[in-house]
Amino acid sequence: MISSHDSLRLFLAAADNDDKVRVDGEPRAALEADVVRCCLSRKKEQCSFVDHRDVRLVYRQYAALYIVVGVTDTENELSIYELIHNFVEVLDKYFSRVSELDIMFNLERVHVILDEMIQNGHVVETNKSRVLAPLHALTKMADAS
Amino acid sequence: MPAVSKGDGMRGLAVFISDIRNCKSKEAEIKRINKELANIRSKFKGDKALDGYSKKKYVCKLLFIFLLGHDIDFGHMEAVNLLSSNKYTEKQIGYLFISVLVNSNSDLIRLINNGIKNDLNSRNPTFMNLALHCIANVGSREMAEAFASDIPRILVAGDTMDSVKQSAALCLLRLNRTSPDLVPMGEWTARVVHLLNDQHLGVVTAATSLITTLAQKSPDDFKTSVALSVARLSRIVTSASIDLQDYTYYFVAAPWLSVKLLRLLQCYPPPEDASLRSRLTECLETILNKAQEPPKSKKVQHSNAKNAVLFEAISLIIHHDSEPTLLVRACNQLGQFLQHRETNLRYLALESMCMLASSEFSHEAVKTHMETVINALKTERDVSVRQRAVDLLYAMCDRSNAKQIVAEMLTYLENADYSIREEIVLKVAILAEKYAVDYTWYVDTILNLIRIAGDYVSEEVWYRVIQIVINRDDVQGYAAKTVFEALQAPACHENLVKVGGYILGEFGNLIAGDSRSSPLVQFNLLHSKFHLCSVPTRALLLSAYIKFINLFPEVKITIQDVLRSDSQLRNADVELQQRAVEYLRLSCIASTDILATVLEEMPPFPERESSILAKLKKKKGRGNLPVIDDTRRNVNGNVEHAEKTEAPNQVSTPSFTDLLNLNSAPGPGGNLLVDVFSDNAALSSTDVCEENFSRFVCKNNGVIFENQLLQIGLKSEYRQNLGRMYVFYGNKTSTQFLSFTSSLSVLDSFSPQLNMHVKTVDPVIEGGAQVQQILNMECVSDFTEAPVLKVQFRYGGMLQNLAVKLPVMLNKFFQPTEMTSQDFFQRWKQLGAPEQEVQKIFKAKLPMDTEVTKAKIIGFGVALLDRVDPNPENFVGAGVIHTKSIQVGCLLRLEPNAQAQMYRLTLRTSRESVSRRLCDLLSEQF
């Protein structure tokens with residue numbers, strides 16, 4: 001996730017592995033900066049898929065927030081593109097009208113959500129209420145105690 | 001649902017995050033972070049035991065700092081401690097930190113494994129999930145060893161919760177990838193495949209990922225998954241979306257699962273079972289049909305999800321490549337997308353169509369969209385889309401449309417983005433070559449390429465055009481004419497100068513008849529570019545000049561003047577200087593015949609894969625070439641890597657040798673020796689150099705010595721009392737000869753009579769290479785002993801020593817003298833003193849052949865005098881031996897006796913020693 005204001009630069013490493021964002025041996029920061037530059041420099045009318053070194057980046061923009069996923073060329077680009085949207089909708093449901101700040105201050109929860117949806121770079125769950133089940137369980141536990 | 005408050009429960013963290021956000025500069029941010037890191041460090045080191053909440057808070061801060069892009073090198077232990085907490089939130093932060101920050105080689109793995117083991121056995125699904133996620137994320141070998149047996153059990157157990165099954169499936173996938181030897185699937189296979197039938201679509205989704213990965217490794221074991229996936233897909237595709245409410249996304253039924261199932265099917269060929277096959281075809285048709293139906297929602301999410309499935313279905317259709325109707329339908333569908341207003345769709349349609357183009361069933365259908373694609377090239381605003389359009393044009397090109405496509409690509413090239421120019425150049429070059437019926441078109445196209453985008457024309461491209469021109473004599477004249485015209489432009493690209501120099505050097509003669517392109521005009525034209533060019537191009541031009549000297553003797557003087565100028569002979573660049581010196585020398589000393597041989601037209605190149613194609617393959621696999629697109633379907637992604645590692649260097653090196661080195665220097669040039677020494681009698685090899693020695697009495701050129709390592713060839717010329725011998729040392733092996741020296745042995749007996757001067761040679765002879773050494777000699781007075789050449793070198797560590805007797809004999813300094821019968825006999829009588837005549841009667845060792853004998857006598861150096869001897873069977877000859885001190889007149893008479901197979905040889909000279917030596921030499925020749 002990248003914000004165009006550059007105040008929020010979060011790399012959620014959970015989407016790793018198969019759709020490997022991290023290139024082995026390469027400094028993380030350099031890669032991030034590269035990807036950020038690559039996506040931010042693109043215009044609205046350009047398509048949402050861009051080849052960057054040996055990965056293809058699929059990105060989607062929500063106001064100032066960019067969500068970028070690196071995929072190998074065997075991946076179906078549109079399905080990833082919609083997966084991003086699905087993820088955002090889940091966040092939106094959980095935080096009720098999600099904002100950058102929600103993501104920023106609740107990183108660990110965002111991670112839980114992402115972990116429920118994607119593991120090892122594979123989609124595991126797309127149903128919103130099931131994705132949120134563990135977090136809701138958590139809230140209940142907190143309420144109970 | 002209660003809205004979640006910011007930084008819920010962790011005030012310190014929220015404050016910290018706010019602080020960071022309020023930082024005005026990067027420096028301030030780093031300062032704040034360092035302060036926090038110091039604080040956390042002191043807390044962790046402090047005496048006071050931290051409670052779970054504080055640990056969680058600090059670990060979470062570290063995590064946040066890491067995600068901001070800073071490196072974290074402590075806190076791991078505290079995170080591991082959190083695993084044993086009973087509070088979900090604490091446990092979760094611990095696992096999160098480990099997943100993100102612990103690499104698989106960490107020392108902590110054993111401790112982490114402990115925590116995981118407890119959670120897996122806890123029967124609390126939430127805890128189990130956390131543990132499984134962690135294994136899947138870290139995936140180390142030690143973890144695999146610890147849990148490889150548990151996970152399949154959890155996955156297929158009847159009482160496992162669905163969400164745990166999902167995690168277990170992905171976890172198993174990871175372990176299978178990192179340590180396949182530890183997770184033998186054998187006994188679980190059937191039950192894993194059966195998960196495709198699971199009622200819960202989330203489980204099916206996870207299982208499909210797992211099975212796809214496993215099926216790529218061992219397709220046979222998972223064959224049964226084909227039937228199950230078709231059944232599952234069919235139910236999803238044909239059901240009304242209401243059945244799958246939970247997994248419907250904007251009115252599209254389970255789009256992600258559908259995509260995965262379609263991808264799993266791409267691991268296999270079309271099903272053989274007819275009913276299964278028709279069921280699959282029905283599914284694919286339904287998906288294609290749905291694309292034509294009016295959308296159920298105006299939302300872009302709806303159409304995107306629908307099209308994600310559609311594109312995957314088309315991928316499967318292309319992968320099967322067996323149903324012509326489906327292929328053509330797919331093509332038409334993509335054709336519609338080519339004009340869609342969504343850029344993403346146009347992009348993907350172009351990309352998919354590239355693959356359709358390589359199928360024989362749909363190639364024609366793809367071609368019908370050519371105009372649209374060409375239009376995309378012109379109007380598309382996104383360079384990545386234009387690039388796909390270029391790819392597609394390349395893929396759909398065949399003989400019927402090549403001219404149009406190449407023309408369009410050339411037009412586009414004029415304004416193309418710099419980033420893709422080189423690739424377009426390569427593509428145009430390949431298409432032009434591949435589909436050229438008329439090679440004049442090919443030559444025009446390549447010259448256009450150089451004109452439009454000279455900077456992007458790589459070496460391979462111009463090498464290739466030269467290879468083709470050399471191999472096809474029908475186009476050589478045209479090529480010469482065209483480059484000549486192209487070179488007239490006031491500013492032309494250096495690559496054009498290279499091609500021009502090379503082609504005119506080889507084939508300039510074909511257009512020299514026209515006075516507008518006479519040799520001098522050609523030369524002046526080329527030379528006018530010389531000073532603007534880089535060193536390699538200048539070197540090439542120098543080679544072209546020496547070729548001109550051979551082609552056009554009339555410009556020899558002009559070119560020699562150019563070569564002789566200080567800017568050439570004293571050029572600071574070693575290569576240029578050497579070429580100038582060598583070429584100048586060559587043009588001065590070599591006879592026309594030798595020049596013609598050395599500078600002969602290049603022989604045709606062996607046919608092989610175009611180096612350009614190899615280059616394009618190297619450039620990057622994705623979507624560039626139909627060939628590679630096919631392999632893309634092998635999914636592993638290994639294909640591209642293989643391409644990359646194998647390709648570098650191999651491509652350019654051979655073509656470089658071909659084009660530049662062969663014609664570079666006449667001295668070390670490869671096989672020249674064989675051509676120059678067409679005397680085949682000399683080629684029989686033997687180690688006894690004495691025998692070869694006598695073969696050189698009547699001739700000057702040939703191989704004097706040869707063994708498994710080395711061949712020594714000679715070429716010599718004499719004039720009066722002076723001689724020069726070229727000694728060629730050919731390395732017959734593929735390894736270097738080191739410390740190579742060759743010198744004349746100091747046999748003093750001959751040195752006063754014969755002055756010899758030897759130039760030194762380079763101490764290294766490369767494998768397969770040849771070096772030349774020059775010996776100059778002067779005959780002071782008559783001599784008998786021949787000089788001996790000593791050769792020494794290291795081959796593979798062994799020192800090799802050779803001594804070869806050089807065929808420098810007295811008769812080499814003969815000048816033939818023509819005289820009349822009367823003169824001859826008058827002289828003959830004058831030399832009548834007994835010590836002046838030497839006579840030998842000997843048996844013929846070789847068949848008595850008049851012509852051979854005549855040739856030998858001439859080769860011996862004297863003039864063969866016809867109709868001098870009253871007996872026509874006899875041979876007489878006359879000549880003068882030139883030495884520095886005296887000249888010795890010499891008469892000889894050879895009388896064969898065919899019946900007795902005998903000869904009588906009589907030599908009369910003014911000096912006895914000369915007569916004797918000459919008689920000895922000549923008598924051995926018959």
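Author: Happy to! Strand β3 of chain B and strand β4 (residues 710-719) of chain B run antiparallel and are joined by 4 bridges. Two strands are said to pair if DSSP finds at least two bridges between them. Helices (H or I, at least four residues) and strands (E, at least two) are DSSP runs, numbered from the N terminus. One of the bridges can be named: B:G702 has B:L714 in β4(B) as its partner.

Before we go further, a word on what you are looking at. This is a predicted model, in which local features need pLDDT of at least 70 and side-chain atom pairs count only at pLDDT 80 or more, while totals for chains, interfaces and linings use all residues. Residues are numbered from 1 along each chain as its sequence is written, chains are lettered from A and ligands numbered from 1 in the order in which they are written, and side-chain values use heavy atoms, with hydrogens and water left out.

Now back to the strands. In general, strands of a sheet pair through backbone hydrogen bonds, either parallel or antiparallel. Here the pair belongs to an open sheet of 5 strands in chain B, in the order β3-β4-β5-β8-β7, with antiparallel pairing. The edges are taken by β3 (702-706) and β7 (754-758) of chain B; each has a single partner strand, so one side of each has no neighbour in the sheet. On average, neighbouring strands of this sheet are turned by 25 degrees against each other, direction ignored. For such angles, axes are lines fitted to C-alpha atoms (for helices over the stretch in contact), and angles run from 0 to 180 degrees between N-to-C directions.

Elsewhere in chain B, take a look at B:F860, which sits in helix α41 (residues 850-860). B:F860 counts as buried, because its relative accessibility is 0%. Buried means under 20% relative accessible area, exposed means over 50%, and partly exposed is in between (1.4 Å probe, protein chains only). Leaving out residues up to four places away in sequence, B:F860 touches B:V697, B:C698, B:N811, B:F814, B:L892, B:L918, B:L921 and B:L922. Contact here means heavy atoms within 4.5 Å. The C-alpha atom of B:F860 is 9.8 Å from that of B:G877, 17 residues away along the chain.

Next come the charged pairs. Side chains of opposite charge can pair when their charged atoms come close. The whole structure holds 47 salt bridges over all chains, where a salt bridge is a side-chain nitrogen of Lys or Arg within 4 Å of a carboxyl oxygen of Asp or Glu. One of them joins B:R386 to B:D417 (2.8 Å, N to O). B:R386 lies in helix α21 (residues 383-396) of chain B and B:D417 in the loop between α22 (402-415) and α23 (418-434), so this pair ties together parts that are 31 residues apart in sequence. B:R386 is buried at 12% relative accessibility, whereas B:D417 is partly exposed at 21%.

In another salt bridge, the closest N and O atoms of B:E433 and B:R464 are 2.6 Å apart. With B:E433 in helix α23 of chain B and B:R464 in helix α25 (residues 459-471), parts 31 residues apart in sequence are tied together. Both ends are buried: B:E433 has a relative accessible area of 15%, and B:R464 has 5%.

Salt bridges also cross between the chains, with a count of 2 between chain A and chain B. In one of these, the side chains of A:D51 and B:R388 meet (2.8 Å, N to O). A:D51 and B:R388 are also part of a network of salt bridges that links A:D51, A:R56, A:E77, B:E351, B:R388, B:D391, B:E423 and B:K427.

To finish, here is where the chains meet. In this interface, 60 residues of chain A are in contact with 81 residues of chain B. About 6,400 Å² is buried between the two chains, and carbon and sulfur atoms give 52% of that. Buried area is the accessible area (1.4 Å probe) that two parts lose on being put together, summed over both. As for chain A itself, its secondary structure comes to 5 helices and 6 strands, and buried residues make up 67% of its 145 residues.
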